[in-house]
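Open the model in your viewer and keep the selection panel at hand. Each stop below gives a selection and then says what is there.

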Amino acid sequence: MRTRFIRSLASVTLLAVLGACLGVPQASLAATLPPEVDAWLREVEIGPYQPSAVDWDKVYEAAKKEGKVVIYTSSSRTISLKEEFESLYPGVTLEVYELGSTGSIEKVEREQLAGIYNCDVLHASGYPSQLHLLANMNMIFPFYPPELESVIPKEFREPLVAQRYESRAIFYNSKVYPECPIDSWWDLTKPEWRDRIAIVDPVTDASSLDLITTIVLNADELAKDYEREFGRPIRLTTPNAGYELLKGIIANRPKIYARHTDLIKVVGDPNSANPPIGISIPFSSLSYAEDPARGGLKLMVATDIKPAVGLLYPSLMNITYKAPHPNAAKLLIKYLFGTNKGELGMRPFFVVGNWAARIDMVEEPVHEYLPDVRLPLSDLNFWLMDPVGIWETSAEVQDWWMINVQ
Amino acid sequence: MNGLKVRFRKLANRWRKPETILAALFLVILVYLVVVPLFSLVQTTLVWGTGDTRIRGENVVVGKFTTYHWRRMLSGDFAEAVFYKPLLNTLIVTAGTVAIVLAVGSLLAYLVVRTDIRWAKLINALATVPYILPSWVLSLSWLQLFQNSTVAMPEGLLSYYTGINAPEWLVYGPIPIMITMGLHYYPFGYLLISGALRSIDSQLEESAEILGASKSYIMRRITMPIIKPALFSTALLGIARSMGTFGTPAILGLPARYYTLSTQIYSLVRTQRQGQGYILALVLLAISGIGLYVNQRVISARRSYATIGGKGVKSRKVRLGKWNTPIAVLTILFLLAVAVFPLVFLTWSSLTLYAGDYSISNLSLHYWIGESNPRFVAGEPGILRNEAVMGAAWNTVKLALVGGLICGFAGLLIGYVVARARRALTSRLLEQVSFVPMLVPSIVFGALYLTLFAVRRGPVPALYGTFALLVLVTVAKQLPYTVRSGVSSMLQVAQELEEAAVILGASWFARLRKIMLPLTKNGFVAGTVIVLITSMRELSLYILLVTPANRVLTTLTYRYIEVGYTQFSNAMTVLLTLLVVVLTYAINAWQKTDIGAGLGGR
């Protein structure tokens with residue numbers, strides 16, 4: 001993981017440079033922004049005009065005048081923050097609107113195109129779309145508390161600000177399979193898994209499309225792993241080994257679910273005799289495992305899969321252009337970064353399977369029902385999201401999937 | 001020269017008639033609410049969208065003209081998979097659904113109206129319940145019943161109690177989709193056909209019998225022709241509704257990789273490929289359009305609809321004899337299974353603290369009235385003390401009442417205009433244009449309204465984020481129901497009544513207020529109730545239009561379903577159903593009516 005991580009760091013930095021060339025607003029390029037955008041950014045001091053120190057008392061005073069802050073979020077967990085935020089900053093109401101990542105991005109884009117400025121903070125994943133549809137179109141801008149600069153790595157600040165890492169991976173039923181029954185993506189193409197695979201729909205779920213696109217982008221690694229797994233070089237009937245893997249999975253007649261929340265119930269059902277292996281479930285779903293309120297799901301994530309356990313991607317939080325409550329938005333972002341113990345706005349996301357953007361975290365989250373499960377990011381071999389590669393390839397992969405899945 | 005003068009005077013006279021002015025006014029409004037969105041739908045298929053910028057090998061300029069979407073959707077592998085195959089699936093599923101709707105609907109209608117079956121009132125009340133339930137309820141119940149380990153699912157009730165594992169084709173795919181959609185939409189058929197059956201004067205059949213006609217001859221030459229319009233209307237409504245339904249094929253088709261046009265439209269729109277998705281929407285529109293055309297040919301063949309006259313209608317009921325009780329029991333059992341079982345199951349589930357544990361000790365009112373507890377549903381308080389849920393419930397009721405009333409009134413006035421000048425071009429245009437929204441899938445209609453009303457256009461301010469936009473989209477989408485009921489109730493009132501009033505010097509408003517409205521009040525109330533029910537459990541129409549301040553119960557429930565709060569969202573579904581039932585019955589008790597008339601059945 002370590003070398004991978006360094007490599008990913010390098011690639012993200014490269015991407016940031018690339019992004020800058022593509023027109024993502026950077027301090028040095030602020031002059032290229034349309035004058036009215038530039039003027040607004042200068043006025044509210046975000047994006048390229050973020051100051052090196054913020055007087056938070058002043059920001060709070062201004063936020064009180066604004067009265068509220070509106071967040072479009074991908075996560076239902078954000079709703080639980082309302083009370084604490086409002087008690088921390090009396091006079092500022094937190095309006096949470098939970099829309100899923102695709103929904104949040106679409107809504108911001110449509111509103112911005114129509115000149116409607118409803119939302120202050122967009123808190124969602126969907127990095128490729130956010131970068132290309134929103135950031136490049138001057139619809140969202142980064143802001144982070146400058147005092148955290150040293151503890152938030154650059155790739156979590158530029159070109160967009162991220163709160164944490166989310167992921168998509170493979171899950172299995174821990175009651176039926178005490179040990180993970182597979183160790184390679186290629187196992188899923190074997191006949192014993194026919195009719196026993198389920199996947200989140202890559203056509204309607206953006207992160208699942210990102211995962212299968214990442215599989216296609218990492219075809220070379222998969223080709224090598226094919227040879228390791230089967231002892232012979234891969235013979236291609238599709239453009240590359242990534243498509244070949246997807247073709248093999250489709251040949252095993254996977255069940256397709258619109259949402260990962262539906263899929264985890266099927267995979268982790270404690271009474272199921274023949275549960276499927278579930279593809280494209282977030283690591284953080286592990287927090288539902290054994291929870292009696294959720295039906296005591298017997299869920300476990302596959303942590304040892306070659307060539308990679310799945311896709312790792314940032315979950316972002318940025319301020320929308322012409323946000324009606326920009327000061328309250330800054331307070332909210334500061335709050336969402338939380339503390340180095342995973343408190344405040346980070347609390348609902350400080351769970352096994354989520355990894356904070358800040359690198360000064362002093363402890364690992366503990367699973368309420370599975371205290372032995374610790375999943376530090378450094379132990380896991382992920383494919384790190386390549387937002388530009390995904391943006392350019394996903395339409396092709398989506399078409400291929402729609403054609404071949406039936 | 002003289003001829004021209006006469007024609008001019010005729011024209012001027014026509015314009016002095018209030019119905020002409022009304023017709024013109026409604027046409028303008030409908031053009032804005034229906035034709036403009038339709039135009040924008042077509043336009044979207046012919047330009048590059050923002051999501052297309054990722055396509056490689058094409059010169060994509062957002063907003064510029066392109067035939068790319070049409071080329072993609074008409075030929076090649078992609079068209080095969082995304083258009084032609086789902087089209088075939090849609091036709092199969094729709095045919096099956098309509099067959100079930102017609103069979104179940106007419107059988108029930110026959111039993112209730114034309115026989116002396118026991119407990120007819122109870123059967124009548126139960127028969128309409130499936131229409132009240134949100135469309136996803138029946139399909140989820142289907143899975144609860146039939147899922148099993150051969151399809152890599154947990155055990156359903158059938159498998160649990162009998163050990164029988166249903167084969168995959170019974171769990172997923174076209175068969176269960178047809179059955180659940182058929183059972184969801186048969187109340188259309190029931191209401192329309194029973195309305196038609198009631199209007200048959202059994203003296204007609206009796207005279208035929210006296211003259212020596214055989215039973216089958218009477219059926220063929222008397223009964224069938226009279227209920228034919230109702231049968232065709234049922235089929236048309238069935239086609240339009242089931243083709244556009246997204247929830248059922250998503251739940252029962254998707255897992256088995258069985259796609260219909262509605263699920264493909266949803267996928268394409270969700271992934272910012274509106275250009276391609278809207279082409280499929282146009283295909284749905286075209287199919288329903290053909291259905292509408294056939295339907296109108298059939299209905300216009302019948303000359304008179306007037307049944308409100310001086311004569312009474314007599315009906316003689318068929319005696320079921322010793323079969324009465326068994327048939328009644330069977331019918332009630334069937335209705336309980338379809339209408340009540342899913343509701344009981346949902347209620348029960350909403351009362352279980354821990355999911356999947358149905359023991360008595362696990363029963364709890366936490367998801368209904370519990371205080372916030374972070375261990376359950378991320379600390380959401382029970383729905384009855386939950387601000388967001390209560391706000392959404394209030395919005396739902398408000399929207400349904402306001403939308404229903406506006407719709408009902410507009411429908412009646414349009415009905416009046418159409419009925420008074422049956423052959424005029426404006427009438428035909430009005431009737432046809434107002435029906436179009438029925439043919440546009442809700443998800444597409446919502447997306448169009450979002451684009452159209454997001455910014456100020458001429459005198460119309462930007463409505464996005466306002467309650468008014470929800471009302472507007474409800475009125476436009478549901479107007480087909482009230483226009484149909486408006487037209488048919490107005491047609492029932494013989495013109496001679498109004499002519500008598502004209503002779504006595506009554507003004508147009510007086511005629512409308514004293515004669516037309518009182519006589520068609522039933523149609524008005526019934527139309528309003530249908531809109532009320534339909535809009536309260538409508539999801540896809542609003543899903544893109546709601547903002548935090550004005551969300552409705554269905555969109556909120558859907559979010560909770562998405563994040564997997566099973567018991568909590570089940571409680572909300574039960575709440576929604578109760579609200580619909582209570583409102584419907586309150587209105588029915590206050591204004592004695594029959595919602596069948598709301599579908600234009602009588």
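**Before you start**

This is a predicted model: local features need pLDDT of at least 70, side-chain atom pairs count only at pLDDT 80 or more, and totals for chains, interfaces and linings use all residues. Residues are numbered from 1 along each chain as its sequence is written, chains are lettered from A and ligands numbered from 1 in the order in which they are written, and side-chain values use heavy atoms, with hydrogens and water left out.

Helices (H or I, at least four residues) and strands (E, at least two) are DSSP runs, numbered from the N terminus.

**Stop 1: H7 and H10 of chain B**

Select residues 135-146 of chain B, helix H7, and residues 174-198 of chain B, helix H10. Their axes are 9 Å apart and the packing angle is about 135°. Axes are lines fitted to C-alpha atoms, for helices over the stretch in contact, and angles run from 0 to 180 degrees between N-to-C directions. H7(B) and H10(B) are therefore oblique to each other. On this scale, angles under 35 degrees count as roughly parallel, over 145 as roughly antiparallel, 65 to 115 as roughly perpendicular and the rest as oblique.

The crossing of H7(B) with H10(B) is right-handed. A crossing is left-handed if the near helix is turned anticlockwise from the far one by less than a right angle, and right-handed if clockwise.

Now show side chains. From H7(B), pick Ser135(B), Leu138(B), Ser139(B) and Trp142(B). They meet Pro176(B), Ile179(B), Thr180(B), Leu183(B) and His184(B) of H10(B). Contact means heavy atoms within 4.5 Å. The residues of this contact between H7(B) and H10(B) divide into 5 nonpolar, 4 polar and no charged. Here Ala, Val, Leu, Ile, Met, Phe, Trp, Tyr, Cys and Pro count as nonpolar, Asp, Glu, Lys and Arg as charged, and the others, Gly among them, as polar.

**Stop 2: H4 against H10 of chain B**

H4(B) passes H10(B) in a right-handed crossing. The contact residues of H4(B) with H10(B) comprise 21 nonpolar, 7 polar and 2 charged.

**Stop 3: H18 and H19 of chain B**

Select helix H18, residues 387-420, and helix H19, residues 425-439, both of chain B. They pack at about 140°, with axes 8 Å apart. The crossing of H18(B) and H19(B) is left-handed. Ile414(B), Val417(B) and Val418(B) in H18(B) meet Ser427(B), Leu430(B) and Glu431(B) in H19(B). That contact of H18(B) with H19(B) has 4 nonpolar, 1 polar and 1 charged.

**Stop 4: Trp70(B)**

Go to helix H3, residues 68-74 of chain B, and select Trp70(B). Trp70(B) is partly exposed, with a relative accessible area of 28%. Buried means under 20% relative accessible area, exposed over 50%, partly exposed in between (1.4 Å probe, protein chains only).

Not counting residues up to four places away in sequence, Trp70(B) touches Thr45(B), Leu46(B), Ile279(B) and Leu282(B). Its side chain makes a polar contact of 3.0 Å with the side chain of Thr45(B). A polar contact is a pair of N or O atoms within 3.5 Å; within protein, one must be able to donate a hydrogen and the other to accept it, and residues adjacent in sequence count only if both atoms are side-chain atoms.

**Stop 5: Asp399(A)**

Switch to helix H12, residues 387-404 of chain A, and pick Asp399(A). Asp399(A) is buried, with a relative accessible area of 13%. Which residue makes a polar contact with the side chain of Asp399(A)? Select Arg273(B): the two side chains are joined at 2.7 Å. Leaving aside neighbours within four places in sequence, Asp399(A) also contacts Arg72(B) and Phe78(B).

**Stop 6: H10 of chain A**

Select residues 260-268 of chain A, helix H10, where 7 of 9 residues are buried. What covers those buried residues includes strand E5 (162-173) of chain A and helix H24 (553-562) of chain B.

**Stop 7: backbone geometry in chain A**

Glu158(A) and Pro159(A) are joined by a cis peptide bond, omega about -5°. The bond from Lys306(A) to Pro307(A) is cis, with omega near -5°.

Finish at Asn138(A), which is not a glycine but has a positive phi of about 60°.
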